[in-house]
Amino acid sequence: MFSVKPRVVRVEAFRRQRTLARQVDVAGFGLWTGVDVVYSFRPAEDNSGVRFFRADLPNSPPIPALVENRVQKPRQTSLAVGSAQVDMVEHVLSALRAARVDNCDVVVNAPEAPGMDGSCEPFLRAFLEAGVVEQTAERALVKIDEPGTYYASDGSSNDAKIELLPSVSEETLYEYTLHYDVPCEIPNQTATFNFCRSPECFLKEIAPSRTFLTLKEAEGLRRMGVCQRVTAQNALVFGHEGIVDNELRFENECARHKLLDMVGDFALAPVDWLGEFRAYKTGHQQNAELVAALLDACE
Ligand SMILES: [Zn+2]
């Protein structure tokens with residue numbers, strides 16, 4: 001819920017929509033399920049948005065990447081229409097957004113997206129290699145016009161929040177602060193990125209940052225029978241002696257990854273965003289709630 005409600009303005013025709021120049025496939029396995037999967041990204045018509053198709057299910061309906069289709073699942077972004085569901089789609093959505101792909105049919109043959117190395121770099125690299133083309137229809141823009149603050153609506157004990165500010169220079173700024181109240185193997189840190197910089201900047205500075213967890217969490221997941229195929233090469237694992245069998249790509253890689261997640265969750269609306277989004281301790285749930293609240297608040 002907003003503790004301070006921002007003024008939010010919607011501009012219908014901001015720029016031309018875009019799609020991929022050609023089909024591109026990315027294969028891997030799901031980090032949770034360990035199931036092999038191919039994600040096939042195909043050019044799509046104006047105004048169709050990003051839609052997932054479960055080719056492994058009979059008569060499966062399209063699953064539009066919209067906040068109203070989001071279903072609650074811990075530590076990930078899942079979407080469902082009827083009984084058709086796709087899981088762990090936030091990194092795919094982040095890479096599509098970073099490449100400025102508005103319309104795309106994503107044909108998949110398993111429920112969970114390929115986890116790759118825990119980042120979105122392989123997806124974004126594939127999209128930029130395929131190329132992105134302009135279409136005829138216009139894309140809308142949602143702009144923060146006066147500041148606001150969003151808190152988690154579930155009344156949970158944590159003080160997670162997202163501050164919203166008007167853009168000072170017609171640029172969109174994302175900031176994420178990771179903060180643990182108790183001692184943790186993962187250090188507190190902040191990352192900032194100006195989304196109006198080129199997709200190549202995102203590819204270099206944000207896309208390579210990987211998902212992360214503590215060794216204790218990793219052991220707990222294994223005991224639950226999930227993530228059996230995951231190694232220290234598919235996610236950053238923080239133990240008492242530092243990173244397990246891996247090296248950081250950036251000093252603040254975890255905060256950069258949370259920023260990557262934010263961009264993916266903010267892609268659950270078919271609009272560009274203009275403003276400053278400064279998040280503190282938030283996760284997928286709050287990001288999605290904020291997107292819905294901002295769309296509702298539009299003038
Ligand atoms: Zn993530």
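User: In this predicted model, what makes β2, β11 and β19 an open sheet, and in which order do the strands lie?

Analyst: The strand order is β2-β11-β19, with mixed pairing. β2 (7-20) and β19 (271-274) each have a single partner strand, so one side of each has no neighbour in the sheet and both stand at the edges. From one strand to the next the twist averages 30 degrees.

User: How do you know that β2 and β11 count as paired?

Analyst: Pairing requires at least two bridges between the strands.

User: What makes a residue part of the lining of the largest pocket, and which residues lie nearest its centre?

Analyst: A lining residue has an atom within 4 Å of a pocket point. For the largest pocket 46 residues line the space, and Arg75, Thr211, Phe212, Glu217 and Lys258 lie nearest its centre. The space amounts to about 1,100 Å³. α4 gives the largest share of the lining, six residues. Among the other elements supplying at least two are α1 (90-98) and α5 (253-266).

User: How does the lining of the second largest pocket divide into nonpolar, polar and charged residues?

Analyst: The division is 12 nonpolar, five polar and six charged. Of the 23 lining residues, Gly49, Val50, Asp102, Arg139 and Pro270 lie nearest the centre. Gly counts as polar, Val and Pro as nonpolar, and Asp and Arg as charged. This pocket has a volume of about 300 Å³, and β2, α1 and β11 each give two or more residues to its lining.

Technical notes: Residues numbered from 1 in each chain as written. Predicted model: local features only at pLDDT ≥ 70, side-chain atom pairs only at ≥ 80, totals over all residues. Heavy atoms only, no water. Helix = DSSP H or I, 4+ residues; strand = E, 2+ residues; numbered from the N terminus. Axes fitted to C-alpha atoms, helices over the stretch in contact; angles between N-to-C directions. 1 Å grid on protein atoms, 1.4 Å probe; cavity = no way out; pocket = protein on both sides within 12 Å on 5 of 7 lines; lining within 4 Å. Points joined across faces, edges and corners; volume = space filled by probe spheres on them.
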